[in-house]
Amino acid sequence: MAKKTQVGIIGAGPAGMMAALQAAWKGAEVTLFDANAIVGRKLLVTGSGRCNLTNTAIAPERYVCSNPAFLAALFNQFDREALLKTLERIGILAYHTADGWYYPCSESAATVVDAFAAALAQAGVRLRLNQRVTGLQKTDAGFRVQVGESEWIGERLIVAAGGQAYPTLGSRGDLYPLLSRLGHTITPVYPALAPVQADVRMLHKLQGVRLDVTAGVWQGKTLLGTTTGNLIFTQWGFNGPAVMDLSHLISTRPGTPLHLTLNLLPGESEPRLRALLKQKRQEAVPVRVLLGAVLPPKVPPVILGLAGINAEVQINQLTEAAVENILKQLTHILIEIQGVRDFDYAQVSTGGVPVDEVRPASLESKLVPGLYLAGEMLDVIGPCGGFNLQFAFSSGAAAGWAAGQG
């Protein structure tokens, strides 16, 4: 009987587990290493415990990546539909919300991890948990991986150990120096999809308020990026997808003066409110009541205060200039940015190995034959909404297919 290809995989997160399954299904003998006591530890916290698997809007242009063509080639191999079929194969059924975010029908990340664990066992993947990789060498025959006091030797190696986000869950960036010694470039690593810290003293009464906004990050008069999504006001700044999707623009510019603009009337909210204010212009209706047509109740008094207007003033008592000033305050709040929260609060990290150093069809290193990189080891980030899990699963699948070939 032909000897099975020995494939080692470092990291039992979404990319590593998918790689392990694909390699095992190809007939390889797979060993999966992780510093945690269980597989899928980081997967458990995704989607606030619901596990946001993917998105209907997956497309290369939605990601921050030095080479969008790389992502196009990768997704052509393993796209959203391929992911959903694979998940169903191992017992995970999914659905998507009206805004395109996919979740397991169980609404539980724990069931997703359970299904992966069962599939790994059924596929014969050898688990070596609670074991941190401390050394990595390329040999004539393949690779030698130092794991505590022992070592693993095999022909092919997939590194899917994650970046530096959620260090308490095992992602500390330990593998970056080892990859650097093998010749790979490591671009600086910063928090991404992280809450934004800002001077919010003038908005302190809005703590806990959640609403959809359009947010923009500015460096002087240059707009670095903008997005529309949900925002949560906090005592130290802002949370939610609207700012988290922009946080990499802040973290990668340490020490640079930056500002955040907030439009509290995104989409059709502004024209609808403007029409309502015009319709009620001659009536003795409190302005805060009219603003409450499109805003949570805590917001109108704060905005009226910023506009220098009494919270109980009636619309027929205001000049046209005063009404326009209220709308300006609602659509162009300017906030000084202080930074982003650290890796403990970031969903992913930027940086790592540039995608041009691996082959999109296989995720094999162009510098080290037999070495494959997947997931957050590569310098790719997507927005909130399942984009990063899709990339993890897609890159893991491609690496597993290629490494598992006899």
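The model is predicted, so local features need pLDDT of at least 70, side-chain atom pairs count only at pLDDT 80 or more, and totals for chains, interfaces and linings use all residues. Residues are numbered from 1 along each chain as its sequence is written, and side-chain values use heavy atoms, with hydrogens and water left out.

Start with the whole chain. The C-alpha trace spans about 90 × 45 × 35 Å along its principal axes. The chain holds 12 helices and 18 strands. These are DSSP runs numbered from the N terminus: helices are H or I with at least four residues, strands are E with at least two. Of the 406 residues, 54% are buried (under 20% relative accessible area, 1.4 Å probe, protein chains only). The accessible surface comes to about 17,400 Å², by the Shrake-Rupley method with a 1.4 Å probe. Carbon and sulfur atoms hold 50% of that surface.

Contacts come next. A contact means heavy atoms within 4.5 Å. Take the contacts between residues at least 6 apart in sequence: 73% of them join residues at least 24 apart. The chain has 34 positive and 31 negative charges, and their mean positions are 1 Å apart. Lys and Arg count as positive, Asp and Glu as negative; His and the chain ends are not counted. Each charge is placed at NZ of Lys, CZ of Arg, CG of Asp or CD of Glu.

Now turn to an open sheet. Three strands lie in the order β6-β7-β8, with antiparallel pairing. Its edge strands are β6 (133-138) and β8 (150-154), each pairing on one side only. Neighbouring strands of this sheet are turned by 15° against each other on average, direction ignored. That angle is taken between N-to-C directions, on a scale from 0 to 180 degrees, using lines fitted to C-alpha atoms. Two strands pair if DSSP finds at least two bridges between them. Strand β7 (residues 143-147) and β8 have five bridges. In one of them, V147 is partnered by S150 in β8.

Further along are β12 (residues 210-219) and β13 (residues 222-233), which pair antiparallel over 10 bridges. G216 stands opposite T226 in β13. The hairpin of β12 and β13 has two residues between the strands, and G220 takes a positive phi near 65° there.

From β13, a second hairpin leads through three residues to β14. Strand β14 (residues 237-239) runs antiparallel to β13, joined by two bridges. Here F233 stands opposite F238 in β14.

Conventions
Buried means under 20% relative accessible area, exposed over 50%, partly exposed in between (1.4 Å probe, protein chains only).
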